[in-house]
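Dear colleague,

Please find the structure below, handed over for your records. My notes on what was found in it follow.

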Amino acid sequence: MNRWITAAMVLFLAVGSLWLENTYPDPQVYVAVAAHAGAPEEPSRYVLDNFVEDTGAQNAVAAIYLSYRVYDTVFEALLLLIAIVGIMHFFRVESPRDGEKHR
Amino acid sequence: MVKRRVDEPRYEGAEAMVGSITGLLYPFIIVFGMYIIFNGHDTPGGGFQGGAILATLFIGRLIVNPVNDIHPHLMHDVEQAMFVLILLLPIVFLLMPLHRAYPLLKEPYLIAMNILIGMKVALGLTIVVFRFGFDEELL
């Protein structure tokens with residue numbers, strides 16, 4: 001069952017990434033990055049000028065980590081989850097409620 | 001490790017003071033963490049920070065009353081469900097550009113993501129601290 005859920009999620013992610021070209025940042029961010037490779041303040045200037053109408057947030061940090069670079073957040077959550085999977089697996093604690101060693 | 005019943009914690013001496021003061025702090029910790037999470041899109045803060053503050057609720061309770069009475073596997077399952085939602089919500093809202101069709105949903109999206117991240121981080125940090133503490137019999 002878990003296998004099918006995983007497969008469905010991967011398929012959904014693949015289908016969802018087909019819409020990648022429609023997400024923000026708008027293409028002018030990439031144009032700015034390409035044209036001003038030596039001037040890294042250009043994309044940050046775009047974010048600071050446009051994050052309120054782009055994302056609806058008042059906090060630029062939240063706008064970046066929840067909208068512009070949401071894949072960072074997703075993979076950070078995945079990182080934390082994998083770390084906790086490892087901790088759950090390698091630290092087997094005898095719980096008084098369960099009585100038995102955990103799986 | 002001294003095993004105690006959960007429903008009747010027995011505090012003696014200085015432990016009673018620590019237990020009482022920590023018990024007094026619980027609602028403030030909850031309110032502060034929820035405030036950080038719910039205002040993460042408007043003020044400094046966010047899901048991770050608020051989740052860490054909510055995790056200090058369980059960690060403070062662990063320090064006062066070291067009983068391994070959480071359900072780590074249930075919390076782990078809930079955390080996995082949170083991760084699935086964290087994965088699906090940006091895909092649905094950002095990649096399939098609902099944020100262009102429904103601009104009014106931008107702020108609820110940010111709040112929902114912060115709540116999910118906060119719950120995930122709070123559960124995860126709680127599991128980590130309880131596992132480390134009771135594996136080494138530190139408490």
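How many residues of chain B are in contact with chain A? The count is 38 residues of chain B, in contact with 32 residues of chain A, where two residues are in contact if their C-beta atoms, placed from the backbone, lie within 7 Å.

Please note that this is a predicted model, in which local features need pLDDT of at least 70, side-chain atom pairs count only at pLDDT 80 or more, and totals for chains, interfaces and linings use all residues. Residues are numbered from 1 along each chain as its sequence is written, while chains are lettered from A and ligands numbered from 1 in the order in which they are written.

**The side of chain B that touches chain A**

Two or more residues each are given to this side by α3 (72-95) and α5 (106-135) of chain B. Helices (H or I, at least four residues) and strands (E, at least two) are DSSP runs, numbered from the N terminus. The largest share, 14 residues, comes from α5(B). By type, the residues of this side of chain B are 20 nonpolar, nine polar and nine charged. Ala, Val, Leu, Ile, Met, Phe, Trp, Tyr, Cys and Pro count as nonpolar, Asp, Glu, Lys and Arg as charged, and the others, Gly among them, as polar.

**One helix pair between the chains**

The axes of α5(A) and α3(B) come within 11 Å and cross at roughly 165°; axes are lines fitted to C-alpha atoms, for helices over the stretch in contact, and angles run from 0 to 180 degrees between N-to-C directions. The two helices are therefore roughly antiparallel, a term for angles over 145 degrees. Residues of α5(A) in this contact include A:V70, A:L81 and A:M88, and those of α3(B) include B:P72, B:F83 and B:L94. The contact divides into 13 nonpolar residues, two polar and one charged.

**Chain A and its confidence**

Chain A has five helices and zero strands. Of its 103 residues, 17% count as buried (20 or more other C-beta atoms within 10 Å of the residue's own, with C-beta atoms placed from the backbone).

The mean pLDDT of chain A is 72, and 61% of the residues score at least 70; pLDDT is the predictor's confidence in each residue, from 0 to 100. Among the elements of chain A, helix α5 (residues 70-90) has the highest mean pLDDT (88) and helix α2 (residues 27-35) the lowest (52). Over residues 99-103 of chain A, pLDDT stays under 50. Where pLDDT is low, the predicted coordinates should not be read in detail.

Yours sincerely

Key. A residue is buried if 20 or more other C-beta atoms lie within 10 Å of its own, exposed if 12 or fewer, and partly exposed in between; C-beta atoms are placed from the backbone. Angles under 35 degrees count as roughly parallel, over 145 as roughly antiparallel, 65 to 115 as roughly perpendicular and the rest as oblique.
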